[in-house]
Amino acid sequence: MVSLSSSRMFQLLQGHLQPAAHRTRKSRLVTKDGRCNIEFGNIEYSNHFAYLLDFWTTFVEIRWRFVLLLFVASFTGSWFIFSLLWYWIAKSNGDLTGQNRTDGHVQCVDNVNGLTTAFLYSLETQTTIGYGGRALTGHCAGTVALIIIQSLIGVFINCFMCGVILAKISLPKKRAKTVTFSDTAVICLKKGSLCLLIRVANLRKTLLIGSQIYGKLLRTTTTADDETIILDQVDIDFTVDAGKDNLFFVCPLTLYHVINTSSPFYELSADSLPQQDFELVVFLDGMAESTSSACQVRTSYVPQEIKWGYSFLPIISRTKMGKYHVDFSNFSKSVRVTTPHCVHCFETDSDQRKHNNQEKGGIDNLGFQVIDIHDSVDVTKM
């Protein structure tokens with residue numbers, strides 16, 4: 001009893017000492033590298049045939065280990081199956097070693113004396129090697145038909161497997177690996193408004209043409225009918241100094257979302273932000289300049305990865321040689337800056353400043369000087 005109570009007490013203490021961030025940690029829908037953390041269950045058995053009907057997409061999207069296994073199995077399996085057919089023809093014709101042959105015996109295939117030599121002949125035929133030791137004699141119509149069928153099937157397998165491997169190598173998501181987002185997002189003042197800022201960088205010198213940036217806020221909401229919506233999606237608009245669409249993505253860009261009355265972050269504050277339960281997913285769509293293939297880059301941020309009252313460090317400078325230098329060591333680093341505690345506080349301070357300016361009834365002109373005129377002059381006299 002003493003050991004059980006001690007063990008129970010240790011578990012309770014361990015739970016209390018556990019960090020709050022670890023206790024409230026939840027799985028993401030979108031990981032930091034853009035993978036979607038979702039699985040499909042209870043799919044009807046008949047729906048699995050849809051994957052077989054769209055076999056090209058299925059083969060392109062499977063993992064590399066299965067592609068390599070399919071590559072080896074398709075060639076080796078076809079060689080072995082046709083070797084059995086060549087062995088059967090040779091055995092039926094009496095060409096194998098040990099079979100009784102008559103004086104006028106005509107062979108269908110030269111030097112195919114067993115299953116091993118039949119497999120070698122099948123491999124040589126399909127790969128068009130042709131060492132010269134084994135060949136058709138031309139006296140059997142079945143062998144001519146079989147070599148035509150094997151050659152056609154071999155060409156089809158070669159084309160299909162080369163296409164799958166080439167398609168997997170040139171997948172657009174590989175281009176997305178060279179586009180990165182900052183590890184954290186920050187909230188600070190920008191252009192007189194409270195904004196949420198995120199950095200994104202293109203690690204290649206080739207551009208992403210027609211880039212578009214947008215976001216989705218995923219959270220659980222309850223409607224007026226007491227219906228709980230899991231993963232409710234709310235649009236988040238992001239802009240940069242250069243515009244919203246058709247960005248000149250040659251250097252790292254800072255995205256910002258203005259927190260106003262239409263923003264879902266309007267009710268947040270520096271204290272309530274860490275206690276929120278949402279996931280901000282950021283998307284960047286574009287077309288690779290070198291391959292003309294469309295790609296999408298995405299990442300996500302949870303409330304613990306959004307810093308209130310911080311601003312990103314500058315990373316772009318100019319060298320003495322006249323080139324622009326990007327320091328990626330400060331890409332995700334931020335520094336604390338003066339920031340309002342909440343949006344309402346910022347709006348209240350702005351209203352007070354506007355009210356004080358209106359009470360003055362004018363604008364002070366520091367360049368105007370007042371002078372005293374001692375002698376009055378009658379300007380009506382000529």
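1. Of the 382 residues of the chain, 32% count as buried, where buried means under 20% relative accessible area, exposed over 50% and partly exposed in between, with a 1.4 Å probe and protein chains only. The model is a predicted one, in which local features need pLDDT of at least 70 and side-chain atom pairs count only at pLDDT 80 or more, while totals for chains, interfaces and linings use all residues. Residues are numbered from 1 along each chain as its sequence is written, and side-chain values use heavy atoms, with hydrogens and water left out.

2. The chain has nine helices and 15 strands; helices (H or I, at least four residues) and strands (E, at least two) are DSSP runs, numbered from the N terminus. Among contacts with a separation of 6 or more, 65% come from residues 24 or more positions apart, a contact being heavy atoms within 4.5 Å.

3. Helix H6 (residues 115-126) packs on helix H7 (residues 141-169) at an angle of about 60°, and their axes are 9 Å apart; axes are lines fitted to C-alpha atoms, for helices over the stretch in contact, and angles run from 0 to 180 degrees between N-to-C directions. H6 is therefore oblique to H7, given that angles under 35 degrees count as roughly parallel, over 145 as roughly antiparallel, 65 to 115 as roughly perpendicular and the rest as oblique. On the H6 side the contact is made by Tyr121, Ser122, Thr125 and Gln126, and on the H7 side by Ile147, Gln150, Ser151, Gly154 and Ile157. These residues divide into three nonpolar, six polar and no charged, with Ala, Val, Leu, Ile, Met, Phe, Trp, Tyr, Cys and Pro counted as nonpolar, Asp, Glu, Lys and Arg as charged, and the others, Gly among them, as polar.

4. Within H6, threonine 125 is buried, with a relative accessible area of 12%. Leaving aside residues up to four places away in sequence, threonine 125 touches Ile147, Gln150 and Ser151.

5. The axes of H5 and H7 come within 11 Å and cross at roughly 175°, which means that H5 is roughly antiparallel to H7. By class, this contact has 18 nonpolar, six polar and one charged residues.

6. A search of the whole structure finds nine aromatic pairs; rings of Phe, Tyr and Trp (its six-membered ring) pair if their centres lie within 6.5 Å, and planes under 30 degrees apart count as stacked, over 60 as edge-to-face and the rest as tilted. Phenylalanine 75 and tryptophan 79 form a tilted pair, 6.2 Å centre to centre with 50° between the planes. Both lie in helix H5 (residues 64-93), four residues apart, about one turn of the helix, and both are buried. Ring pairs also link Trp56, Phe59, Phe156 and Phe160 into a cluster.

7. Phenylalanine 346, found in helix H9 (residues 343-359), is buried, with a relative accessible area of 15%. Although phenylalanine 346 and leucine 194 are 152 residues apart in sequence, they are 7.8 Å apart in space, C-alpha to C-alpha. Not counting residues up to four places away in sequence, phenylalanine 346 touches Leu189, Gly192, Ser193, Leu194 and Pro340.

8. Two backbone angles deserve a look. Lysine 191, in the loop between strand E4 (185-190) and strand E5 (193-202), has a positive phi, near 55°, and is exposed, with a relative accessible area of 63%. Leucine 231, found in strand E7 (residues 228-237), has a positive phi near 60° and is partly exposed, with a relative accessible area of 40%. Most residues other than glycine have a negative phi.
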